[in-house]
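Me: I have a model open and some quick things to check. Can we go through it together?

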Amino acid sequence: MGMVSDLHPLPYGRQSIDDDDIDAVVRCLRSDYLTQGPEVRRFEEALCETTGARYAVAVANGTAALHLAALAAGVRADDVGITSTITFVASANAIRYAGGTARFCDVDPDTGLLSMRSLEECVARTPPKVIVPVDLTGAVADLPRVNAIAKRAGALVVEDAAHSLGATYDVDGVTYRAGSCQHADMAILSFHPVKHVTTGEGGAITTNDEALYRELLDLRTHGITKDPQKLEKNDGPWYYEQRALGFNYRITDLQCALGSSQLKKLGRFVSRRREIAARYDEAFAQLSSRLRPLVVPAGVRSAYHLYVVRLVARPGEDLAGVAERRKALYLALAEQRIHAQVHYIPVHTQPDFRRHGMGSEKLPGADAYYASCLSLPMFPTMSDGDVDRVVAAVTRIVSEGA
Ligand SMILES: Cc1ncc(COP(=O)(O)O)c(C=O)c1O
């Protein structure tokens, strides 16, 4: 057997950059525009084509996309926004950036997705301005039901599709795409390097609503407009007005040139992710008394941003025991240069939320999920040999007791 130091490291995710991506960026560098040029519009059009949404607004990162979506959804001081506690902190922070208060829903521990029962209870307790369902790991949340609950409560839905570009879900025999906004008012995407396609940093909001689209465009650049129909007066061709407090959340042309090049390969990237997931699923079927892959709901085709397994509790074992074994598995994998990760620490337990009067919810589904989850390496350039190396290491470690 070779030395561990001879093994290449396997991170939980990484970008796939080819020569055509590099060429696209170099072409942009030689062009007239590094920012606010034609590449942004081109990338937005490609995003519309990919998701099926009518409008897309590309921005500096997924967090900025969430912030602008929360503002466009009308969140202001004293408003409530609801999201899942099993997500990256950004989903909840966006509600706070807009001045609102974040409330947290529980998840179904088998899927990691928003529990509809918990959402109903949460909405009944405090009517929200916005609900942010999260397509955790690339499996689309139950958007039709979230949307129905939101509409009854007069709230808007912002699908956090940071993990799910390329995923689909079926409703009554019809297939819909993540980010299409068929069951949401807006959706947000992230193009961080571990995501399906990357722009370095980057994000976007998609929507089918023209008024929301126009507002998002203004908010992206300082709340400034040159639209003659919106101006209070017009001093001349140079004239603009700041009509809302916006931001500089623009993305560069360099990044969008990379994004458009990457998007052309999305189908291939997602297919490879699904192949890797199928290989893991098949191998881990033998270990089902010890460890189970996260369940993808019926009718959903995950885009597998992440591949999460959960350790099965032993008879009589409490969550602390499961969490201890999960840590042992994480550490033992790291010794083999396999760098797993935990997605996510329940946001409602974060000290900053507690400090600001949020996060007092009791969410047992999220506790069970968090104690047991581990994200294994998942990225399109993994070879079958890499997948087999992870399977062999996990199988050995859990069989020896973790
Ligand atoms: C679920 C989720 N939402 C939002 C974001 C924020 O995206 P970004 O890192 O592009 O700001 C992330 C990023 O990791 C995420 O995982």
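Me: Is C105 buried or exposed?
Reply: C105 is buried, with a relative accessible area of 0%. Buried means under 20% relative accessible area, exposed over 50%, partly exposed in between, with a 1.4 Å probe and protein chains only. This is a predicted model, where local features need pLDDT of at least 70, side-chain atom pairs count only at pLDDT 80 or more, and totals for chains, interfaces and linings use all residues. Residues are numbered from 1 along each chain as its sequence is written, and side-chain values use heavy atoms, with hydrogens and water left out.

Me: How many disulfides in total?
Reply: The count is 0 by this rule.

Me: Switching to the sheet. What is the strand order?
Reply: β1-β9-β8-β5-β4-β2-β3, an open sheet of 7 strands with mixed pairing. Strands (E, at least two residues) and helices (H or I, at least four) are DSSP runs, numbered from the N terminus. Two strands pair if DSSP finds at least two bridges between them.

Me: Which strands sit at the edges?
Reply: β1 (55-59) and β3 (101-105), each pairing on one side only. From one strand to the next, the twist averages 20°.

Me: How does β2 join β3?
Reply: Through 5 bridges; β2 (residues 80-84) and β3 run parallel. G81 in that pairing stands opposite A102 in β3.

Me: What does helix α3 touch on the sheet?
Reply: Helix α3 (residues 62-72) packs on β1, β4 (130-132), β5 (156-160), β8 and β9. Contact means heavy atoms within 4.5 Å. The direction of α3 makes about 165° with that of β8. Axes are lines fitted to C-alpha atoms, for helices over the stretch in contact, and angles run from 0 to 180 degrees between N-to-C directions.

Me: Now the core. How many residues does the largest nonpolar one have?
Reply: 107, and those with the most contacts inside it include M186, I205 and F284. A nonpolar core is a set of buried Ala, Val, Leu, Ile, Met, Phe, Trp, Tyr and Cys residues joined through side-chain atoms within 4.5 Å. Its largest share, 8 residues, comes from α3.

Key. A disulfide is a pair of cysteine sulfur atoms within 2.5 Å.
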